[in-house]
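Here is a short report on helix geometry and side-chain pairing. Look over the sequence and the model first.

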Amino acid sequence: ITYLKSVFTWDLGLSVKFHPLTVNEVLLRALPWTLMLVLTSSLIAFAIGSLAGILAAWRRGGSFDSIGAPIALMMQAMPPLVTSLLALFLFAIYWPVFPTGYAYEPEIDPGFTLEFFCSIFRHAFLPFVTLALAQVGGYLITMRNSMINLLGEDYIVLGTAKGLSDRRLRMAYAARNALLPTVTSFAMTLGASFGGALVTEVVFNYPGLGYTLFQGITARDYPLIQGQLLIMTLAMLTANFIADVLYVALDPRLRKG
């Protein structure tokens, strides 16, 4: 009862591992890094995957579809752990182009300087790419399959008979309705982003929410674990609510219903 009362007043207690810091302070310290990393990679993966799925479905059986769909399936099936470890080995150890961990160089003082932002970019590049690659295949396959199911609908045939351009049919008619399942996937990704990309952040030692949760688990920091899981739950519920609102905005049939 005391804990539930504290939750409603947003008092998540003291962290065991990071004592005397509170759970709120620990999570707020990690939140900006996760939001920057996960949200950016999710937005770019959503845009690239959706556009590629539209093109693959519109030219089904063509060269792009024949090559892109199998590659997307392979990318979707590859575990993020494997992708992260390969990227770390190839581009941080074998070819030391990027750093192996942390959010920026420890010797650089944080501030609004070009050196600091360049350091952030270099440290975030490999985690960003691995997260984007893990998602873009799923968006491509979802968008492709959803759009293929709509290409035989009566309104597509009517639009073709009216002489509408391919671009207008593809984007304003087929893609807009086919986007609905992809919006759901994107909303779930946004909700999960508050949990951080656990595997990727642990592999690259990136100080986001996922890595913080991993540290709490290894240290049996139960207040930190409970606080993080509570935030993840609230974020997922909020993301689902936003997806429902977007459904109504995108689909006129729901507004009329």
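Helix α2 has 36 residues, so at 1.5 Å a residue it should span 52 Å; its end C-alpha atoms lie 49 Å apart, which agrees. The expected span is 1.5 Å times one less than the number of residues. Helices are DSSP runs (H or I, at least four residues), numbered from the N terminus.

This is a predicted model: local features need pLDDT of at least 70, side-chain atom pairs count only at pLDDT 80 or more, and totals for chains, interfaces and linings use all residues. Residues are numbered from 1 along each chain as its sequence is written, and side-chain values use heavy atoms, without hydrogens and water.

Helix α2 is kinked by about 30 degrees at Leu-31, shortly before Pro-32. The bend is the angle between axes fitted to the seven residues ending at a residue and the seven starting there.

The axes of α2 (residues 23-58) and α5 come within 6 Å and cross at roughly 35 degrees. Axes are lines fitted to C-alpha atoms over the stretch in contact, with angles from 0 to 180 degrees between N-to-C directions.

One salt bridge is counted, with a side-chain nitrogen of Lys or Arg within 4 Å of a carboxyl oxygen of Asp or Glu. Arg-122 and Glu-105 form it, at 3.9 Å from N to O. Arg-122 lies in α5 (residues 114-150) and Glu-105 in the loop between α4 (80-94) and α5, so the bridge ties together parts 17 residues apart in sequence. Both partners are tabulated below; partly exposed lies between buried (under 20% relative accessible area) and exposed (over 50%), with a 1.4 Å probe and protein chains only.

| Residue | Relative accessible area |
|---|---|
| Arg-122 | 35%, partly exposed |
| Glu-105 | 23%, partly exposed |

Conventions
Helices (H or I, at least four residues) and strands (E, at least two) are DSSP runs, numbered from the N terminus.
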